Amino acid sequence: MTVLQRLFSFNGGVKPAYNKEASTGLPIAMAPMPAQLVIPLHQSIGGTPRPLVAAGEYVLKGQRIGGADGDVSSAVHASTSGTVVAVEMRLMPHTSGLSARCVVIQPDGREEWIPRQPFDYRGATPEQTRDYLRDAGVVGLGGAVFPSYLKINPGKSGKLDTLVLNGAECEPFITCDDVLMRERAASILKGALIMREMLGAARVLIGIEDNKPQAIAAMEAAARAANEEAGHPAMQVVAVPTRYPAGGAKQLIRVLTGIEVPHGKRSTDYGVQCFNVATAYAIYEAIALGQPLISRIVTVAGNVARARNYEVLFGTPMRDLVDLCDPRPDSDRVIMGGPMMGLLMPADSVPVVKAANCVLVGSPKLFPAPPPEMPCIRCGECAKACPADLQPFELYWFSRARIFGKAQEYHLFDCIECGCCAYVCPSHIPLVDYYRFAKSEIWARETQKEAADVARERYEFRLLREERDKQEKAAKLAARTVAARATAAAALAAAEKPVITAADVAKKALITAALERARAQKAGVRQENTGNLTPGQQAEIAAIEARRAEIREMAKPHLRQDD
Amino acid sequence: MTSYLFIVLGAVLVNNVVFVRILGLCPFMGVSKKLETAAGMGAATTFVLTLGCGASFVIDRWLLMPNQLEYLRTLSFIVTIAAIVQLTELVIQKTSPLLHQVLGIYLPLITTNCAVLGIPLLNVSLRHNFLESLLFGFGSAVGFTLALILFAGIRERLEAADVPIHFRGTAIAMITAGLMSLAFMGFAGLDKYK
Amino acid sequence: MLAAILVMALGAVLLGAALGYAAARFRVEGDPLVEKIDAILPQTQCGQCGFAGCKPYARAIAKGEAEINQCPPGGDEGIHKLADLLGRDFKSLSAEHGIEKPKSVAIIDEQACIGCTLCIQACPVDAIVGAAKQMHTVIARQCTGCELCLPPCPVNCISMQPIAESAETWKWKYPAYRINPAPREAA
């Protein structure tokens, strides 16, 4: 069934010692139930799910304990049945050593499931299926933990050309995808078929590094069976050359299809979407079996006597896993992930989460401290090794000198932090640390800027509001003064009327006489334009005159008051 | 025709106004921190210098020389250039306020930029005709811009470099300028290869 | 002599006329620079710079009436950015305008609050909610940490609390090579 597939290549990459054999000897084993499960609510990229349970509540295996919050977020579930002991801050599996909100569950040992129903994705709308997957907590299990429901979206065109299943697993020591493909190939492909249908993809390419012959054989057999069943050769297993980081999404897409996804574009713009094989398996479990994501395969390797892959419930302390594998006495650290991209854990008590593909036990002998950082000699090895086609030395200088704008100009954010540059650097410069530093500084500045913009808007609105209030108040005050004057004048006039002295009478007589004279004079001078008018016009004039008189009457108290 | 080309090339490279004639160092050190500002300053200087050379030629040939007023040359050149600079400043302030703000004091200082007065005076002593004067002015200004942009590019890199603390800022800039000057000396004798 | 005076006078009159015309022709209205400066300022609206908000300070800088080192919340980094934008030299923060503090938010001790609304009136970004004789509270996300609500409070129930580091705000540190003491050699 293996069709001769033309392979492409990505630039750069390195070939570190793989150290994979130690953990592939034994089949996947179920890790024993720990005394307590500590399940962090924040396990995927995006918003932290809101807790749905409180201390003291009884939860079933697979019950949702954290609901997705926001557009990018994914639900979290109880890994087993038991009682919620606490919802509190616990040390999280991250280098920072900070705490995050976790649900602590005391297992009751009965493993009582919630009712499990297969999801009819053919009968549901794509939105309903995506919502279902979000609530089933399915995220990318390759390590990036990006919510999968967002990726199962064919994009603008509505149809994809290729679905890429990523089984490359290029990072040293890690074998969880390898053993998963060996043992559960058929289920992975069922998951892939579901995704293919939802994405409308024409073909499925399964890329596996050629250092995993058993996984390739298993997947090929399963693909043959699936293709025969479907009567259509859609599935194709492709062995890709072993070179780190062939398992990077962009790198694998490039190797399999020759498409180089440019800066600022998505692979779906080019008709390709990429999923990890473990994610395909999780989707199969969620849709065909109705089981949310509550466990994953974790490789335990490194400085242990019996490295092995375990199926681990989320929330299991890493220490329990390490103890299963007989760690050697000089072990001094636990790394989540592989030696190239993994994160150093603050303690071995942190729980296994969705991102934990590997629990790597380290020792000073296995991972000796790097030699002192020497000055950059501008040899350009890092640029040759960079699989993202960046110029790592430029990024390094600008990150180091904190010239972040320039670092961004050199596309710092296209860096996948694979560590190839630091691996080849003859001066032992921890390049990735510099990039991580620069990236988090830039993010912090962006959040600061957003906060400043909000503050500016609110401040300007406040100024506007104050101005408006002032004007409204002034207008109201003016209206009130007018009204008050009118009433005061009326009162004054009423009060004055009865008291009329002789002098007043004389004065009034004088005024009346003067007015009389003026009127006589006015009458004498006939206005030119008021001759030969129609009765209608005259009536209009009379009405206007009447109004004028009225206004004059109204104005009188003011005139009086003013003098 | 070739002689015109040589006037321009000579002014740009061989007798670069900054690196070889060592004229106009004040803006050269002052506004070479950023590439954009350097380019802006270069453009402004090119405009002023070309126009200044033309205007001073006209004044010299048709106003001063017929009236035997050569002793007023420096005075009248400075007045003319000052007016042209003022004009440029007004135009820049209108068209690019940011460049105006960034060039800041250096824009009016083009007036006293020795390159801007020096080139018209050189024009006179070299007995250039009108076209030659314009080309010489333009070429020198392009040389100035080239020097400024090259230098600004290097200084932007120096920002990210490990410079010993006592050499940071102007000190390392001076050293760099000296090295670049040496490099430009290499253009001497370019005309031998025609 | 007369000729010289005439020539210079003629030149002066001509150039003066040309410049006068240009000044009228290229008159500048408004100042887009203010917006650019304002974008750099942290928008705490705290008034520590001596102006009634970030915008007035930006206007003063643009006019050259204020120094660029009067904004404590912006810190050295803000001054660097202003210096870059304006082509001026960096100056360290002027002490009379305050010192750079870690970013904080105001917290109202709700037990002690008497509901006087004075802080609500003082908040430049309307980040305090409450009503007369009702308890007030700060919307932490909108609080800029300007401290303007502290002085009006008659019962001193508002305090500034530095923002704790969380998973969202945690930053990778600047890589520094750890120097370990050399193992002591056996004598």
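Q: Over how many bridges do strand 2 (residues 37-40) and strand 8 (residues 99-107) of chain A pair in the antiparallel sense?
A: Strands are DSSP runs of E, at least two residues long, and helices are runs of H or I, at least four; both are numbered from the N terminus. Two strands pair if DSSP finds at least two bridges between them. Strand 2 and strand 8 of chain A run antiparallel, and the number of bridges is 4.

Q: What kind of model is this?
A: Residues are numbered from 1 along each chain as its sequence is written, and chains are lettered from A and ligands numbered from 1 in the order in which they are written. Local features need pLDDT of at least 70, side-chain atom pairs count only at pLDDT 80 or more, and totals for chains, interfaces and linings use all residues, for the model is predicted.

Q: Which strands stand at the edges of the open sheet of 4 strands in chain A?
A: The order is 2-8-7-4, with antiparallel pairing. Strand 7 (residues 82-91) of chain A joins strand 8 of chain A through 9 bridges. An edge strand here has a single partner, so one side of it lacks a neighbour in the sheet; in chain A this holds for strand 2 and strand 4 (58-59).

Q: Why does chain A count as more spread out than a compact globule?
A: Chain A has 14 helices and 17 strands. The globule rule is 2.2 Å times the number of residues to the power 0.38, and the radius of gyration is taken over C-alpha atoms. For 563 residues the rule gives 24 Å; chain A is well over this, so it is more spread out than a compact globule, with a radius of gyration of 40 Å.

Q: What box do the C-alpha atoms of chain A fill?
A: A residue is buried if 20 or more other C-beta atoms lie within 10 Å of its own, exposed if 12 or fewer, and partly exposed in between, with C-beta atoms placed from the backbone. By that count, 42% of the 563 residues of chain A are buried. Along the principal axes, the box is roughly 130 × 60 × 55 Å.

Q: Is Ala438(A) buried or exposed?
A: Ala438(A) lies in helix 12 (residues 431-496) of chain A. Two residues are in contact if their C-beta atoms, placed from the backbone, lie within 7 Å. Beyond its neighbours within four places in sequence, Ala438(A) contacts Ser399(A), Phe404(A), Ala407(A) and Leu412(A). With 25 other C-beta atoms within 10 Å, Ala438(A) is buried.

Q: How does the radius of gyration of chain B compare with the globule rule, and what is its value?
A: Chain B has 9 helices and 0 strands. The rule gives 16 Å for 194 residues, and chain B is close to this, so it is as compact as a globular protein of that length; its radius of gyration is 17 Å.

Q: Which helix of chain C do the buried residues of helix 4 of chain B pack against?
A: The buried residues of helix 4 (73-95) of chain B include Phe77(B), Ile81(B), Ile84(B) and Leu87(B). Within chain B they pack against helix 3, helix 5, helix 6 (106-109) and helix 7 (114-125). In chain C the partner is helix 1 (2-25).

Q: Which element gives the largest share of the side of chain B that touches chain C?
A: The contact takes 19 residues from chain B and 18 residues from chain C. Helix 3 (35-64), helix 4 and helix 5 (97-103) of chain B each give two or more residues. The largest share, 9 residues, comes from helix 4 of chain B.

Q: How many charged residues are on the side of chain C that touches chain A?
A: The contact joins 21 residues of chain C to 23 residues of chain A. Ala, Val, Leu, Ile, Met, Phe, Trp, Tyr, Cys and Pro count as nonpolar, Asp, Glu, Lys and Arg as charged, and the others, Gly among them, as polar. This side of chain C has 9 nonpolar and 8 polar residues, and its charged residues number 4.

Q: What distance separates the centres of domain 1 and domain 2 of chain C?
A: An automatic or database assignment sets the domain bounds: domain 1 (32-97) and domain 2 (104-162). In the contact, 6 residues of domain 1 of chain C meet 7 residues of domain 2 of chain C. The domain 1 side has 1 nonpolar, 5 polar and no charged residues. Taken over C-alpha atoms, the centres are separated by 26 Å.
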